[in-house]
Amino acid sequence: TSDTNVLDLSTCDSEPIRTPGSIQPHGFALSLAEDLTVLQASENLAQHIGSAAAGAVGLPLARVIGDTAAALVVTELAATRVLERPLYLGTVCISETCYFDVLAHRYDGVLMLEFESVERRASADFRNLYPLVGEFLLKLNNTVSTDAMSALAADEIRAVTGYGRVMVYHFDHDGHGHVIAESLADGYHSYLGQRFPASDIPRQARELYTLNRIRLIHDANYTPARLVPAINPVTGAPNDLSFAALRSVSPIHLQYMRNMKTLASMSVSLIVKGKLWGLISCHNETPSPVAFERRTACEQLGQILALSIESREDASELQFRLDLRRIMVSMLGGLTQGADFIDNMTSVFPALLTFARASGVAIVVDDRLLTYGDTPSDEQIRELVGWLSIRAHGDVFHTDQLAAGYPGGADITRNASGILALPISRIHKHYLIWFRPEVIHTIDWAGNPHAKEGAGPLDQLTPRTSFSSWRETITGTSIPWHKGELELALEFRTALLGIALERAEQMAELAE
Ligand code: BLA
């Protein structure tokens, strides 16, 4: 029932966000040769330190930023290995403009220096930030649920950034995001519990956010500052700014922010088991800087949260599978007792329902059909088996939305929106089928995800303009099948086939 992909996302997906050719202007950037000759400079150099960008190209670094600042860079670069993540070298004054945080990183064969304009010397702040991370760890130890841990993280990150709204945003299996925790300042309305469609964050952005865990948009109304010249002489291509702190971001996303009435945005990636699990998304209504060391603290808080989520998920996954396995083992114990396979199966019917969190189950063996619990009629089940044997070719079949694929599904939605069908013979059309009932539920979207606002003037893609709550009712689906359930159902099937085989051999022996 949900068709959120009304936008032509291929265009969205192909915007080259790693090579925008420009930076955000709350700082300036230089790319350097190994001997620290300036290769490229951002065109806003004059606004920050008075010298023209084009004039800076080809000069030694000291001639552009002055001897003191250059000496700091030289010393720090000699002392540390510069990697792809920006490294803080120090805070400097350049031609009486105070202060700049100097960040260095090396990516795609290019050494980049970024100078972020900051209000005061950063180093004083570190003292407050370290204990904060420590306290966060202590608090996490006393917290069990993902939502509660996320709420703690949101509060901490709001304290570190001073932003007005901090949300922990979790992606579901379709890529839609769900706000699971939030921390708000006065005057900020809540998005807690709301969903945002997957199309709000395109594929290449998710890829980049898996590699680079933090990004800041200082002021959504900014005018980008281009790098001059546009082609990097080392690579012969536009600079890959994937890890640059000042990377200019997608104009489409800047419009989205303005539509959302947030002018400053920072987001921190939550990587769980190597995948982008969600984001900590921070909003401020007005432009608002977050200095490097504060961003680093947020990145660490994000990593701690992600690791905690990972370990809780592992533990509950393990427990879930253990519980299932216990039920399975006890069922198999019962099945090897009596003589007749089908009679045996009826004795474990209640356990079968618990095993698969189902409300009905059916066994079809030749012309025998046995059901238990809430199931479609015998006739409807026979029809379904006919379809399954063609559609699924003897493989395990599962769906949480039967009517979407099965023509007869609409008539049996109420008790069979979800089915898991196990073929239990290698030759015959014998099935064990679990049924899950329809669970009608609502989704609270932030704005109508189906609205065709994606097609703007001149066929340009524009983001949604409304974020006022919009409720959607989802029908025809059951609770989804869990990966562990499917895997254990397969194991169960293998065991059943084994038992059947053993039976057949015993029968053959008796006949001899
Ligand atoms: C990027 N979109 C983003 C980002 C977020 C969102 C968090 C990362 C940048 C940042 O930190 O601000 C979306 N922001 C949200 C969501 C919430 C939020 C869902 O606060 C909810 C809590 N966006 C569109 C459409 C397109 C699009 C239609 O709505 C494309 C046509 C593009 N979004 C888009 C692009 C980026 C982006 C290209 C990458 C920006 C970049 O890093 O350059």
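Author: Start with the labels themselves. The model is a predicted one.

Reader: Which of these elements each supply at least two residues of the shell around the ligand?

Author: Strands E7 (165-171), E8 (177-184), E10 (214-217), E14 (264-272) and E15 (275-284) do, and so does helix H9 (251-259). H9 gives the most, with three residues. In total, 29 residues surround the ligand. Cys 12, Val 249, Ser 250, Ser 267 and Pro 463 are the closest.

Reader: What puts the buried residues of H9 on the same side?

Author: Those residues are His 253, Leu 254 and Tyr 256. They cover an arc of only 155° around the axis, so they lie on the same side of H9. Just after the helix, Lys 261 takes a positive phi of about 60°.

Reader: How do you know that the span of H13 agrees with its length?

Author: H13 runs over residues 378-391, which is 14 residues.

Reader: Why are Ile 381, Leu 384 and Leu 388 of H13 called buried?

Author: A residue is buried if 20 or more other C-beta atoms lie within 10 Å of its own. Ile 381, Leu 384 and Leu 388 are classed as buried. They cover an arc of only 60° around the axis, and therefore sit on the same side of H13. A general rule fits here. An α-helix has 3.6 residues a turn, so residues three or four places apart point the same way.

Reader: Which residues of H13 are exposed on the other side?

Author: Glu 379, Gly 386 and Ile 390 are. After H13 comes His 393, with a positive phi near 45°.

Reader: What makes E17 and E18 the edges of the sheet?

Author: Look at the order of this open, antiparallel sheet: E17-E16-E20-E19-E18. E17 and E18 each have a single partner strand, so one side of each is left without a neighbour in the sheet. From one strand to the next, the twist averages 10°.

Reader: How do you know that E16 and E20 pair?

Author: Pairing needs at least two bridges. E16 and E20 have five, in the antiparallel sense. In one of them, Ala 362 is partnered by Ile 433 of E20. H13 packs on this sheet, touching E16, E17, E18, E19 and E20. Its direction makes about 65° with that of E16.

Notes: Residues are numbered from 1 along each chain as its sequence is written. This is a predicted model: local features need pLDDT of at least 70, side-chain atom pairs count only at pLDDT 80 or more; totals for chains, interfaces and linings use all residues. Helices (H or I, at least four residues) and strands (E, at least two) are DSSP runs, numbered from the N terminus. The expected span of a helix is 1.5 Å times one less than its number of residues. A residue is buried if 20 or more other C-beta atoms lie within 10 Å of its own, exposed if 12 or fewer, and partly exposed in between; C-beta atoms are placed from the backbone. The arc is that of the directions from the helix axis to the C-beta atoms. Axes are lines fitted to C-alpha atoms, for helices over the stretch in contact, and angles run from 0 to 180 degrees between N-to-C directions. Two residues are in contact if their C-beta atoms, placed from the backbone, lie within 7 Å. A residue is near a molecule or strand if its C-beta atom, placed from the backbone, lies within 6 Å of it.
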